[in-house]
Amino acid sequence: MTFTKLSDRTIRDGLFLILIVFSVFYGCSSRENKFVEDENHTHFFLPKVTDDISADVLFCRKISKKSGKPLGTGNIFKIKKEASLTAIVELKNRPLIHNTDLMFHLDWIDSEGKSFFLKPIILTVKDTSTFLTSSISLDPEIRSPGIYNLRVYYFRELIAEKSFELINMLREDEDDIFAKIELGRKLNKSTNLLESVDSVFAIRRKSNVQSLITLSNLPVWDDETLTFSIEWVNPEGKTFFKKKFSVEPKAETIHLNSSVSVSPEKREPGQYQLILYHGRKQLASKRFSLYKK
Amino acid sequence: MKKPEKSVKPHAVQNEKKRFDFIDQFRGFIGVLMLLGHTSYYFNSVWKQLDPFDPLFPSHAQFLLRYAGYLCAPGFLMMAGAMVWWSYNRRISKGIGDWQARWYFIQRGLLLVIIQMTWVNSSWGGFQTFRPFHLGIIASIGISMILLTLIIRWKWYARLGVGLFIMLLHAVLLDIDYDSTVIWQRVVMQTFVDAGDFNKYPVLPWFAMAVLGSVMANGWLKFWETDKKRILYGLAIAGCAFGLAIFIRMQRGFGNIDLFSDFFSYSFLVDQKYPPSLFMNLWFFGLVVLGVTFFIAIGKIVPKLLVIFTIPGKVPMFFYGVHLAILGVFTRLFPQYYREGGVNTALIGMVLMLLVMLPLCRWFYGIKRRSNNYLIQMI
């Protein structure tokens, strides 16, 4: 073949050129080497091409079923039974890239630097999503306190990283809703205070037992409606009156009230009980006695 | 039965040492790259996150470090294929019978499988556990060696056809759906086709590499009698392989497994390795041929630059088995160093290991040359 007649110098220069080309272009990175931190504390590696995809990460306790908004956002989360943490990755410039499938990986890294959950995501051409999500459990059996990380990879290249902290709860019930039940004869609506507070009441004509329930430590970050119910239970253990409440947790403390008649034709003497439920879970109860005068 | 290829010319015999130098040196270079990959595996904290089946790269340095190791398996398989072809024909030219010549490679292949199941599998964890029922790269080389004896006498173009056909066939077989929880399915599929816990290096694609290595040996060691020809034909073949690989990759269809973004990006170069896609096989075939070509060229211009690779390249199995054992035992004894460093730690680890391994390899090579012991000759 004629190319075997090339001079040694030409061959040497050619090999040198190949070496240079391979060294310079092999495995081109599409990102800058140093990260930039945005106001959301996400570290992201700027694309060399300005309209390439970049990502912003937001952590939240959950995504509202009602509004679709992230609820309980932050960077510090409590390790808690049945709790979870969701990362929402906003893809910037996603609409500009619409002619090819896109490959992402969301890699959750624990406090020892080990990857504990890798979620690969392919956005097909038809999928125009501009957000990626991934959730992890915060159950104390599988998580321990420390600084964790979420890394976002785009076509195998790190494009964003954000850390968050997991902490232990000081008390196991510190995130629970607290309920205080008080019983009395009458509720003063202007002061929201009970009058004649007691746990023993006489059965009398046109007389009531009034309850006032104070709920505190409500999850104000949550925009979903909380449902409570109050059940009045007679000495035989049967519910003779039930009242439901739907509450939007806009303040940490709210009051519920309910009353029942204790006239002689409706009630017998004995031990009664008022039970408060949150959903199906019993939150609190209060016993009281009725007697004939 | 066909006659074996008349392969060894007097000229080749005279230049046997010279001809072997670039093969030995390239194999030694591959060994050093593998050592770098293993020091990274043991000392580089990126391995706390890196899934070799689905690799992600937090930096360019980590990408280069990981990708350097990708050359090792195709390099070893091709060199093994080349040396099987060369040794077989040399034995035949010495008057050794056909079956006896093949039997030597069958024994050697079986020994490699046994070494994988015993020494290699145990050395990864510093000999803490014995896990014989697991295959890997050494077993894959061994089985490929055995299979290669079946076609070693075929003409180069017939072997080329077999190699390319198996690569294509493997790309088709990858679509086979199987239940990896059923032992026999896992063993059969992961021995030959797919990769998983049982075996990351299935035989079919790597055997194809060994076959192509044996084909290249025809050129390197027989047909191309001058270094100039070896360099030019090597460049042409590597160029064709790269061209075909790029064509397949850019089609984004058959022969590809993972998506990629842009030409020559990380994702372009890193298609699936375990097991390799057709693109990866062709690409790395091209890279190995290009690498050997460069070694021939460098050997002509600055031969001293490659001397360091000669000794490990002459005793590759010893180099592999011993460095892995040292790393495994060291990190078991000093767990504080296990995956706590970065790229620089991996590089320092490689240099220190070379300071240990080079004298050991030289010592063992001396023993191997003098010894008539069957096992030592085989290693």
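How many salt bridges does the structure hold over all chains? The structure holds 20 salt bridges over all chains, a salt bridge being a side-chain nitrogen of Lys or Arg within 4 Å of a carboxyl oxygen of Asp or Glu. The model is predicted: local features need pLDDT of at least 70 and side-chain atom pairs count only at pLDDT 80 or more, while totals for chains, interfaces and linings use all residues. Residues are numbered from 1 along each chain as its sequence is written, chains are lettered from A and ligands numbered from 1 in the order in which they are written, and side-chain values use heavy atoms, with hydrogens and water left out.

**View 1. The salt bridge of Glu224(A) and Lys62(A).** The side chains of these two residues meet at 3.5 Å, N to O. Glu224(A) lies in the loop between strand 17 (208-216) and strand 18 (226-233) of chain A, and Lys62(A) in strand 4 (residues 62-63) of chain A, so the pair ties together parts that are 162 residues apart in sequence. Helices (H or I, at least four residues) and strands (E, at least two) are DSSP runs, numbered from the N terminus.

**View 2. An open sheet of five strands in chain A.** The strand order is 16-22-21-18-19, with mixed pairing; two strands pair if DSSP finds at least two bridges between them. Strand 16 (200-203) and strand 19 (239-247) of chain A are the edge strands, and each pairs on one side only. From one strand to the next, the twist averages 25 degrees; axes are lines fitted to C-alpha atoms, and angles run from 0 to 180 degrees between N-to-C directions. Within the sheet, strand 21 (residues 270-278) and strand 22 (residues 281-292) of chain A pair in the antiparallel sense over nine bridges. Lys281(A), in strand 22, is the bridge partner of His278(A).

**View 3. An open sheet of three strands in chain A.** Here the order is 3-7-10, with antiparallel pairing. Strand 3 (54-60) and strand 10 (131-137) of chain A each have a single partner strand, so one side of each is left without a neighbour in the sheet. Neighbouring strands are turned by 20 degrees against each other on average, direction ignored. Seven bridges join strand 7 (residues 84-92) of chain A to strand 10 of chain A in the antiparallel sense, and Ile88(A) stands opposite Thr133(A) in strand 10.

**View 4. The contact between chain B and chain A.** The contact (heavy atoms within 4.5 Å) takes 37 residues from chain B and 38 residues from chain A. About 3200 Å² is buried between the two chains, of which carbon and sulfur atoms give 68%; buried area is the accessible area (1.4 Å probe) that two parts lose on being put together, summed over both. Gln49(B), Leu56(B) and Leu259(B) supply 20% of the area that chain B buries against chain A, more than any other three residues.

**View 5. Salt bridges between chain B and chain A.** The two chains share two salt bridges. Arg156(A) forms a salt bridge with Asp258(B), the closest N and O atoms being 2.8 Å apart. Side chains of opposite charge can pair when their charged atoms come close.

**View 6. A cis peptide bond in chain B and a positive phi in chain A.** A cis peptide bond joins Tyr274(B) and Pro275(B), with omega about -10 degrees. Pro275(B) is placed in the loop between helix 11 and helix 12 of chain B. Asn192(A), a residue other than glycine, has a positive phi near 60 degrees. The place of Asn192(A) is in the loop between strand 14 (186-188) and strand 15 (193-195) of chain A. Most residues other than glycine have a negative phi, and most peptide bonds are trans.
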